[in-house]
Amino acid sequence: MRAKLWALLLGSAAVVAANAALAVTLAEDADTVCKSLVGGTDAVKIDSAALQAPSQLAVAERGPTPSGRIIPTNPAFCKLLGHIDPVDPKAPPIRFQVNLPSSGTGVQCNMAAAASTAC
Amino acid sequence: MQYGGGGFNGVLITGLALPPAYPFDKPSSLARGFVTYGTDSGHETRQGEPPQVFALNDEAFENFAHRAYKKVRDAAVTLMERAYGKKPEKLYFMGTSEGGREGLTMAQRYPDDFDGIFARVPVINWVGLQHAGTRSGLVTMGDGWINPAQVKLVGDAVRAACDKADGSDDALVQNPVACKAAFKAESLRCASGKTDDKTGDQCLTDAQIKAIDTLHATYKFPFELANGLDDYPGWGVSGEDTPAVGPTGGWVAWWLGTAPPAQPPAPNNGIAWIYGAGGIQYVFARDPKLDVTTYKLEEHKARLLEVSKLMDSTDPDLSRFRARGGRLIMLEHMADYAQSPYAGIRYFESVERKLGKTETAEFARLYTAPGVDHVGSGAPANVDMLSALVDWVEKGKAPGDLEVTDQKVEAPSFAVLRALPLCRWPAWPHYKSGSVTEASSFACAP
């Protein structure tokens, strides 16, 4: 199963050759792959990348909205904070956050279950 | 899965909150295997500064209008490829309020980029909304302001006029469209047309009735804006007295505040005034010192047209989004006083006119939730639209009437206090029999 998974992953990496810089994927070695995403050469830059431990459900005492009080249970994930440089130097950058579940495959687990042992 | 923003943005959307309208007890999107992401849309609101200051910079404003969401979407896809060795199979966008507008603008401007979009209470007809919100503030500047006790009076009067129309005496107006036609603020007029010690908060003055009629009325522009629209629909009725906490609530939260509108807007003013007056100053007139009472929109026609093109998100041509298999779900809350639910209803009907009713039903849905405020309080509002959308996009299972719940904010069970059918526009829940807290006691019908 493991060998088959590798073949699948390598196969898809070969197809998207431009993105084959990483030998392993997040599902294989979450910490290494997560940290390797820092940096960037074009206008898009990742300023920080850190693997987050799974967290438990919490309900805040107060919040602006009912649903805003709920902090849901989350699995381990790679948290990326990045920005996109503006064209006009006087304009602020676009800041963004991307959360990559380390046990997922970037698509819904039910769809990817065949190719992932993590689901 | 991309999360939309809110208000004027300027706050980083982490992608870690519950998706819009999501039931409190369901696993998070990350736990379900989704990559999630969000953005501040290209500006950061500084403490103590009006939220519209960024609009003075063109690039920051265009980022807010649409560019940031596309740029971040593309960046996120690249990161997913690097992390997982392949592209995501499907992409989803879910947003509430401004985030709902962002969802619709993605379907309109970038139809190839998302497979499923959920737009909840979208703030479309944006130029109209800012002007109508400002109008609602101006009409309450003097004697027209309505105090919280009188707001309760109006809420009670609306329920007395319309609550039982669906067959149940349940303190909920199930058909707020019919109620808007039935309810007359005039019925609460003080005998003398003004209040005195004797009548107190038990009736409304002529100025207050005029303010309510203004809130309910269409806002008309003297020229056409984007997509041939020249007005903003008035607000509806019901949920006037939904308790206010920040953006949660009815008239006090969004329209009236706890004090009459001030210049510059004060924190205890209604949010529509804070947003609208600041919008007039920073977005349209681009004059932070402008006295809003002296604003003449005719003098800023070119800027209004420019902003309308960027922000209104009313383009009914979703043919490309439809052709690539995109699926859209819209949800309007009928007791929303932040934006008028009639704007989204009108937009959906404009898509039906453009593409055909049957064709539109193949890829788009509009649901309306009675009694719910802008953020999901006041009546049952929670629904797993993520599953509805995924089932439609990935399994071809089109959603029919759904169910909304009102849940206690208490872990871990988040007990359901009340459930109702969530009907496809233009149907409403009608009472059949049984407990009014059970969805099965109601059926959707026009």
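B:Glu49 is partly exposed, with a relative accessible area of 30%, where buried means under 20% relative accessible area, exposed means over 50% and partly exposed lies in between, computed with a 1.4 Å probe on protein chains only. Its salt-bridge partner is B:Arg46, with the closest N and O atoms 3.4 Å apart, and B:Arg46 is exposed at a relative accessible area of 56%. The model is a predicted one, in which local features need pLDDT of at least 70 and side-chain atom pairs count only at pLDDT 80 or more, whereas totals for chains, interfaces and linings use all residues. Residues are numbered from 1 along each chain as its sequence is written, chains are lettered from A and ligands numbered from 1 in the order in which they are written, and side-chain values use heavy atoms, with hydrogens and water left out.

**Salt bridges**

Side chains of opposite charge can pair when their charged atoms come close. Over all chains the structure holds 28 salt bridges, each being a side-chain nitrogen of Lys or Arg within 4 Å of a carboxyl oxygen of Asp or Glu. Three of them are listed here.

| Salt bridge | N to O distance |
|---|---|
| B:Glu49 and B:Arg46 | 3.4 Å |
| B:Lys70 and B:Asp113 | 2.8 Å |
| B:Asp112 and B:Arg320 | 2.7 Å |

The side chains of B:Lys70 and B:Asp113 meet in a salt bridge, and this pair links distant parts of the chain, with B:Lys70 in helix 1 of chain B and B:Asp113 in the loop between helix 2 (98–109) and strand 4 (116–120) of chain B, 43 residues apart; helices (H or I, at least four residues) and strands (E, at least two) are DSSP runs, numbered from the N terminus. B:Asp113 counts as buried at 9% relative accessibility. A salt bridge also joins B:Asp112 to B:Arg320; because B:Asp112 lies in the loop between helix 2 and strand 4 of chain B and B:Arg320 in helix 10 (residues 319–323) of chain B, the pair ties together parts that are 208 residues apart in sequence. B:Asp112 is partly exposed, with a relative accessible area of 41%. Through shared partners, salt bridges join B:Lys70, B:Arg73, B:Asp74 and B:Asp113 into one network.

**Aromatic rings**

There are 21 aromatic pairs over all chains, where rings of Phe, Tyr and Trp (its six-membered ring) pair if their centres lie within 6.5 Å, and planes under 30 degrees apart count as stacked, over 60 as edge-to-face and the rest as tilted. One of these pairs, B:Phe34 with B:Tyr92, is edge-to-face, at 6.0 Å centre to centre with 80° between the planes. This pair links distant parts of the chain, 58 residues apart, with B:Phe34 in the loop between strand 1 (2–3) and strand 2 (36–39) of chain B and B:Tyr92 in strand 3 (residues 92–96) of chain B. Both B:Phe34 and B:Tyr92 are buried. The rings of B:Phe61 and B:Phe64 have their centres 5.9 Å apart and their planes at 55°, so this pair is tilted. Both residues, B:Phe61 and B:Phe64, are buried, and they belong to a cluster linked by ring pairs that includes B:Phe8, B:Trp126 and B:Tyr275.

**A cavity lined by both chains**

The second largest cavity is lined by residues including A:Pro66, A:Ser67, B:Tyr22 and B:Arg120, a cavity being a set of points on a 1 Å grid over the protein atoms alone where a 1.4 Å probe fits but cannot get out, and lining residues having an atom within 4 Å of a point.

Methods: 1 Å grid on protein atoms, 1.4 Å probe; cavity = no way out; pocket = protein on both sides within 12 Å on 5 of 7 lines; lining within 4 Å.
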